[in-house]
Amino acid sequence: MSQVLAIPRPLVRLNQWTILLSVIFTWITGVIWLLAIPLAANLLGILFNYNPIIRVGRLFLKKAPSAYIPEDAQQQKFNSSIASFCLAAGLLGYLLDWQVLGYIFTGMVAIASSIAIAGFCIGCFLHFQLKQWQYRRSLKKSF
């Protein structure tokens, strides 16, 4: 299966909204297994390049995928990794009855997805900083 190079922005937003709403509904209802929906979808995206949320959302695009603002697939995998870690840690915290841990990690992913929906991607910023650090480190090794 070939690697997708770009993901249309509405599909990325759909994934962000799914993460945010699953956290909010978990907090409201106490049904912690709602966190498993975005967690499983993002893990499938990371491991197998198949995020079911994005695949279903693709069916509802009104224009060709190339007509939308593209989001880098590698960047989205990095962001999904961070979100998956936070969702898994939050779910584990709730399962172990460590409510504070659950709220901290689900709160972090909810804040990050809210800010991303508003237009600033914290994961993108971290990814950029990581790439800059790797580049500077490679320059030091060449001397």
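Reader: Does Phe 105 count as buried or exposed?

Author: Phe 105 counts as buried, at 16% relative accessibility (buried means under 20% relative accessible area, exposed over 50%, and partly exposed in between, with a 1.4 Å probe and protein chains only). The model is predicted: local features need pLDDT of at least 70 and side-chain atom pairs count only at pLDDT 80 or more, whereas totals for chains, interfaces and linings use all residues. Residues are numbered from 1 along each chain as its sequence is written, and side-chain values use heavy atoms, with hydrogens and water left out.

Reader: How many aromatic pairs are there?

Author: A pair of aromatic rings is described by the distance of the centres and the angle of the planes. Rings of Phe, Tyr and Trp (its six-membered ring) pair if their centres lie within 6.5 Å, and planes under 30 degrees apart count as stacked, over 60 as edge-to-face and the rest as tilted. The count comes to 4 aromatic pairs. Among them, Phe 85 and Phe 105 are edge-to-face, 5.8 Å centre to centre with 85 degrees between the planes. Phe 85 lies in helix H4 and Phe 105 in helix H5, so this pair ties together parts that are 20 residues apart in sequence (helices are DSSP runs of H or I, at least four residues, numbered from the N terminus).

Reader: Where is Asp 97 found, and is Asp 97 buried or exposed?

Author: Most residues other than glycine have a negative phi. Asp 97, although not a glycine, has a positive phi of about 65 degrees. Asp 97 is found in the loop between helix H4 (73-95) and helix H5 (99-118), and is exposed, with a relative accessible area of 57%.

Terms used:
Helix = DSSP H or I, 4+ residues; strand = E, 2+ residues; numbered from the N terminus.
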